[in-house]
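Me: I'm new to this one and would like to go through its salt bridges step by step. Could you help me?

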Amino acid sequence: MDSYDPFDIWSLPRLGRLKTSWYAGSRLTLFPLAATYSLDLLAPVTLRRILRTPKYEFPHVLAMLQTTHLRMTDPEFVTRMEATQRDGGWGLPFPWYSVNGVYPAGTPYMTNTPYVMSALTRIPGESGEGDRAKRLFWRTWAFLESLPTRVDDGERLAVSYAPREEPFTVVNANSYAALAYALHAVHGEPGRHREAEDRAGRIIRWILDQQNDDGSWFYLAERGPWDMIDGFHTCFVIKNLRRATRLLGAAPPRAQSALDRAWDFVRTRLFDERAGLCRRYALRHRRDPFKYDLYDQAEFLGLLIDHEEFDEARVFAERVERRFKRGGAWYCRVDATGRLWGRGFLRWGIAPFLHHRARLDPLPSIRETN
């Protein structure tokens with residue numbers, strides 16, 4: 001399951017430092033950054049081979065694929081997750097140079113860990129791996145406890161993306177935190193259920209307060225030059241809030257109306273009726289050469305399934321496959337000229353799409369249920 005990734009070349013220290021300098025306001029990095037981006041656009045695999053960038057395996061990708069034909073056996077999966085867990089959570093196998101700072105390889109992230117947590121809860125308790133999976137799941141509480149608090153006024157709570165102080169509060173990361181605490185409210189150690197439920201509810205209230213009147217969310221709670229409103233991060237928030245409120249069995253009274261507005265925003269502002277695909281952005285801070293991203297399509301497909309739009313989901317999935325798959329190989333992006341980019345870059349949309357597509361397979365169509 002090793003694969004290249006859109007961000008792997010930027011984990012190389014020299015290129016990563018260029019990004020950090022750009023985020024800090026240096027314009028001297030413009031030419032080398034532009035040159036690297038151009039080479040990456042034209043020949044991504046060749047560039048990675050020249051730079052000797054290794055292929056990586058991603059724990060949360062393996063967790064997603066556990067619902068597909070690519071799944072591992074339960075013993076294999078638990079063993080792999082045990083080997084890759086760091087400080088109670090899971091992250092990326094390479095350093096990440098972001099606007100929020102530099103994160104070393106292995107740093108556990110709030111956006112990655114709940115995928116593994118969810119997969120662990122699906123391992124039957126009566127199986128030989130059930131106890132191992134439960135213990136591994138329970139260790140994730142230490143990760144949640146390590147996250148610095150960004151907001152806590154008694155009614156609302158927001159936490160950091162990772163176990164470190166950060167300059168910005170990421171909205172979609174907190175939707176994953178709400179889901180993680182909701183999972184602990186149901187599957188966590190006895191004695192912690194009520195505390196987990198309280199924290200999940202307070203994070204949900206904070207997220208609802210960040211919602212714009214049109215149903216959207218900015219990526220960051222604080223406005224800044226790097227902010228955006230995009231497709232798959234918006235879908236993450238909806239997906240995670242829906243699942244968290246289901247697990248809790250109760251939610252703030254305004255949660256359902258907020259989710260309805262958010263879904264309407266995705267349907268009307270992010271879905272392109274003419275192309276039959278999901279747009280990348282409703283609001284962006286910069287331009288790039290790519291027109292469509294498989295990640296947006298994957299998460300939109302997931303929401304169609306969540307909303308029980310099964311027939312539309314099937315038609316949409318087939319359209320996406322025709323657009324992003326060539327000769328048996330998946331690509332993760334389409335550029336402005338219609339050229340496919342990112343062959344086999346598994347983490348970036350390919351694994352999420354396969355995960356949601358597998359969810360669709362056993363579901364009946366409306367015609368079959370009438």
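Me: Which residue forms a salt bridge with arginine 333?
Reply: In this predicted model, the closest N and O atoms of the pair are 3.1 Å apart. Arginine 333 lies in strand E11 (residues 329–335) and its partner in strand E9 (residues 290–293), so the pair ties together parts that are 40 residues apart in sequence. That partner is aspartate 293.

Me: Is aspartate 293 buried or exposed?
Reply: Buried means under 20% relative accessible area. Aspartate 293 has a relative accessibility of 2%, so this residue counts as buried. Arginine 333, at 11%, also counts as buried. For aspartate 293, then, the word is buried.

Me: Which helix holds arginine 205, the salt-bridge partner of glutamate 155?
Reply: The two side chains meet at 3.9 Å, N to O. Glutamate 155 sits in the loop between strand E3 (149–152) and strand E4 (157–159), and the pair links distant parts of the chain, 50 residues apart. Arginine 205 is in helix H10.

Me: How many salt bridges does a search of the whole structure find?
Reply: One of them joins aspartate 74 and arginine 71, at 3.2 Å from N to O. Salt bridges also link Asp153, Arg156, Asp209 and Arg254 in a network. For the whole structure, the search gives 28.

Notes: Residues are numbered from 1 along each chain as its sequence is written. This is a predicted model: local features need pLDDT of at least 70, side-chain atom pairs count only at pLDDT 80 or more; totals for chains, interfaces and linings use all residues. Side-chain values use heavy atoms; hydrogens and water are left out. A salt bridge is a side-chain nitrogen of Lys or Arg within 4 Å of a carboxyl oxygen of Asp or Glu. Helices (H or I, at least four residues) and strands (E, at least two) are DSSP runs, numbered from the N terminus. Buried means under 20% relative accessible area, exposed over 50%, partly exposed in between (1.4 Å probe, protein chains only).
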